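Me: I am new to reading protein models. Could you walk me through one, feature by feature?

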Amino acid sequence: MSESLLNPSASGSTISVRRSTHSPLITLVGASVVVVVLTIAPWIFPAQFASTLMNFFILVIMATMWNLLAGYAGMVSIGQQAFVGLGAYATLYFALKGMNPFLTIPFAALVCAVLAVPVTYLLFRLRGGYFAIATWVVADTVMLIIGTIAFLGGGTGRLMPGLQSLTPAQTAHYSYLATWIVAFIVVVGTYLLLRSRVGLVLASIRDDEVAARSAGAHVRSARRLVFVIAAAGCGAAGAVLAISQPFVQPTSVFSLQWAAEMLFVSMIGGLGTIEGPIVGSIIFFALQQTLQQQGAWYLIIFGTVAVLVALWQPRGIWGAIRDRFHTELLPVGHWVSEGPAKE
Amino acid sequence: MVWLNVLVQGVLIGGFYALFACGLSLMFGVLKVINLAHGDMAVVAGYVAVFLTPHLGLPEVWSFLIVVPIFTLAGYVLQRTLIQKSIDRDPFTTLLVTFGLSVVIENLLLEIYSANGQTVNIGDLIAKSWHPASIIYVSYVSLGVLGVAVLVLFLLQLFLSKTGTGRLIRAVADDREAAQLSGANYRHIFGVAASLAFATVALAGIAYGMMTQFAPTSGGVNLLFAFEAVVIGGIGSLWGTLVGGIALGIAQQFGAHINVQYQVLAGNVLFLAVLAIRPQGLFGRKTALA
């Protein structure tokens with residue numbers, strides 16, 4: 001697991017590089033337990049809790065994708081709801097054509113990925129804040145176009161077909177499992193992506209874009225790949241959202257609120273860490289459940305906290321924990337320490 | 001004749017978009033900050049006009065006499081505290097902070113004043129219009145807003161080119177570090193630029209309330225239009241913003257004339273077309289391009 005890089009004769013110490021801060025076995029066992037519990041959750045927990053857990057997973061998917069965009073590739077998008085909505089409508093379209101809604105999820109993600117490619121050629125002409133607002137224009141445009149298509153219910157929306165033959169309990173269980181599987185794939189996929197060569201390129205861009213470029217990193221294609229992956233992920237989130245609702249309406253699936261939630265959750269949890277969006281989502285749902293009788297106050301409080309975090313603790317809650325305790329559950333980087341390797 | 005009327009309405013609404021957009025343009029030009037809460041701050045100006053001025057015994061038409069000074073001051077204070085703090089971190093943080101502010105402001109307004117529409121009451125004036133030909137109607141309010149927009153742009157341009165402070169603002173916008181070395185206090189200059197931007201935001205918010213109903217959620221869509229006007233006209237050009245606003249207004253009115261559903265869509269399509277064909281905009285420099 002470790003290698004000595006150099007051995008400065010002056011101090012006589014070695015520098016070791018490790019990935020994990022603790023034995024990977026602990027992570028693996030812990031993760032397995034969590035996976036098993038979450039898989040059987042709808043059978044062991046009350047239906048209400050399983051349904052909340054499902055919304056939690058949808059937020060985790062979106063936030064993980066937003067974190068990949070902003071935290072790793074430096075692209076602030078406030079238009080990811082374009083792909084949430086497109087995913088929802090792709091599922092609706094395929095279901096109306098007779099497909100089983102659950103089987104449409106991968107196709108919805110694929111549709112979003114394909115549509116994201118030409119979008120990058122337009123949006124990548126702008127940077128920073130102009131990029132951010134332009135993503136919103138794209139989302140608004142997509143919503144308006146979908147709203148003119150009568151087959152998809154126009155501006156009023158349409159009920160997702162193909163679920164009525166199932167009992168309510170079956171629908172709940174299947175949607176839960178579908179959402180959980182998508183969330184699992186998205187988080188594990190992001191983790192693997194960031195440990196790959198692309199992850200290395202992304203880390204180099206984040207640290208110093210000019211240096212990365214001059215060292216031969218394909219900055220633009222790495223960004224394009226991330227944008228397309230994020231589109232696919234948000235599309236899958238939209239697809240499971242459409243199934244869980246199951247009435248698909250332009251103003252709700254294309255709502256700016258999705259962008260706000262993914263942004264706040266990633267920021268509070270910790271940008272640029274895999275665990276951050278998950279931690280942020282847990283806090284978000286705890287707050288939302290506590291304040292659900294108080295209207296929009298949970299969003300006001302959450303937004304204020306997000307602003308404060310951005311100003312005074314930009315690495316978020318997980319970043320603070322990591323800096324303080326030198327621990328990581330899902331390490332994507334390397335730890336450099338002096339002294340002989342411990343493993 | 002029908003088309004001529006569409007054109008006239010487009011120009012009129014375009015004036016409003018330019019008024020809305022020039023603050024955005026100024027903030028980006030000088031501070032390099034995209035204020036994502038720009039639209040919501042205009043909506044706040046509308047609410048202040050509607051709910052504060054009647055208490056002061058002032059007709060709502062004259063509310064700008066109170067709201068504009070308040071916003072000028074608020075702009076300076078907000079810049080010197082929250083916005084400067086985020087600029088000191090990095091451009092990324094300014095986006096996150098202003099977006100956070102936007103969502104917080106919108107939901108606060110929703111909690112305090114509900115989702116009901118409000119208007120700035122201007123009495124009979126709202127219904128009055130001039131019609132030079134049979135089917136061409138020029139609403140006095142819209143014409144007034146267009147006039148205010150042109151006047152504001154003219155004064156801003158004059159201020160930036162003729163006064164000492166204006167020259168300092170341009171110097172800081174061109175090269176902050178060089179201006180700093182020459183003794184300019186850039187934080188103060190940023191504050192002045194922000195208060196100018198906020199003064200125009202207040203005017204835009206009140207103008208919007210005179211022209212039509214507004215609600216807590218009106219900020220977002222107006223930010224989009226203002227942003228489209230800036231990009232179409234060319235980033236960093238004040239008169240370009242006016243042309244961009246008018247081009248956007250005309251595109252929207254033509255779209256609406258074909259089908260009401262196409263109003264906003266036509267503007268978005270024009271924006272995306274400009275981005276694809278001439279990304280620096282009609283009068284712009286290539287500063288915001290990647």
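**Reading the two chains**

Reply: Let's start with one helix: in α14 of chain A (residues 316–325), the buried residues are G316(A), I317(A), W318(A), G319(A) and R322(A). This is a predicted model, where local features need pLDDT of at least 70 and side-chain atom pairs count only at pLDDT 80 or more, while totals for chains, interfaces and linings use all residues. Residues are numbered from 1 along each chain as its sequence is written, and chains are lettered from A and ligands numbered from 1 in the order in which they are written.

Me: What do "buried" and "helix" stand for here?

Reply: A residue is buried if 20 or more other C-beta atoms lie within 10 Å of its own, exposed if 12 or fewer, and partly exposed in between, with C-beta atoms placed from the backbone. Helices (H or I, at least four residues) and strands (E, at least two) are DSSP runs, numbered from the N terminus.

Me: Which helices do the buried residues of α14(A) pack against?

Reply: They pack against α11, α12 (275–290) and α13 of chain A. Contact here is a distance test: two residues are in contact if their C-beta atoms, placed from the backbone, lie within 7 Å. Just after α14(A), H326(A) has a positive phi of about 50 degrees.

Me: How do the two chains meet?

Reply: Start by counting the residues on each side: chain A gives 36 residues to the contact and chain B gives 36. On the side of chain A, the elements that give two or more residues are α5 (128–147), α11 (256–269) and α13 (297–312). The largest share, 12 residues, comes from α5(A). By class, this side of chain A has 25 nonpolar, eight polar and three charged residues. In this sorting, Ala, Val, Leu, Ile, Met, Phe, Trp, Tyr, Cys and Pro count as nonpolar, Asp, Glu, Lys and Arg as charged, and the others, Gly among them, as polar.

Me: What are the domains of chain A?

Reply: Domain bounds come from an automatic or database domain assignment. Chain A is divided into domain 1 (25–254) and domain 2 (258–328). Taken over C-alpha atoms, the centres of these two domains of chain A are 19 Å apart. Their contact takes 20 residues from domain 1 and 18 residues from domain 2 of chain A. On the domain 1 side, α2 (47–72), α3 (81–96) and α6 (168–195) of chain A each give two or more residues, and the largest share, 12 residues, comes from α2(A). That side of domain 1 has 12 nonpolar, eight polar and no charged residues.

Me: How do I judge the overall form of chain A?

Reply: Chain A has 14 helices and five strands. Its radius of gyration is 21 Å, close to the 20 Å that the globule rule gives for 343 residues, so chain A is as compact as a globular protein of that length. That radius is taken over C-alpha atoms, and the globule rule is 2.2 Å times the number of residues to the power 0.38. The C-alpha atoms of chain A fill a box of roughly 75 × 50 × 40 Å along the principal axes, and 45% of the 343 residues are buried.

Me: And what does the secondary structure of chain B come to?

Reply: Chain B comes to 11 helices and two strands. Strands β1 (residues 129–133) and β2 (residues 136–139) of chain B pair in the antiparallel sense over three bridges; two strands pair if DSSP finds at least two bridges between them. β1(B) and β2(B) form a hairpin with two residues between them, and A133(B) has I136(B) as its bridge partner. As for burial, 52% of the 290 residues of chain B count as buried.

Me: How many residues of α2(B) are buried?

Reply: The helix is mostly covered, with 10 of its 14 residues buried. Among what covers them are α1 (2–31) and α3 (64–89) of chain B.
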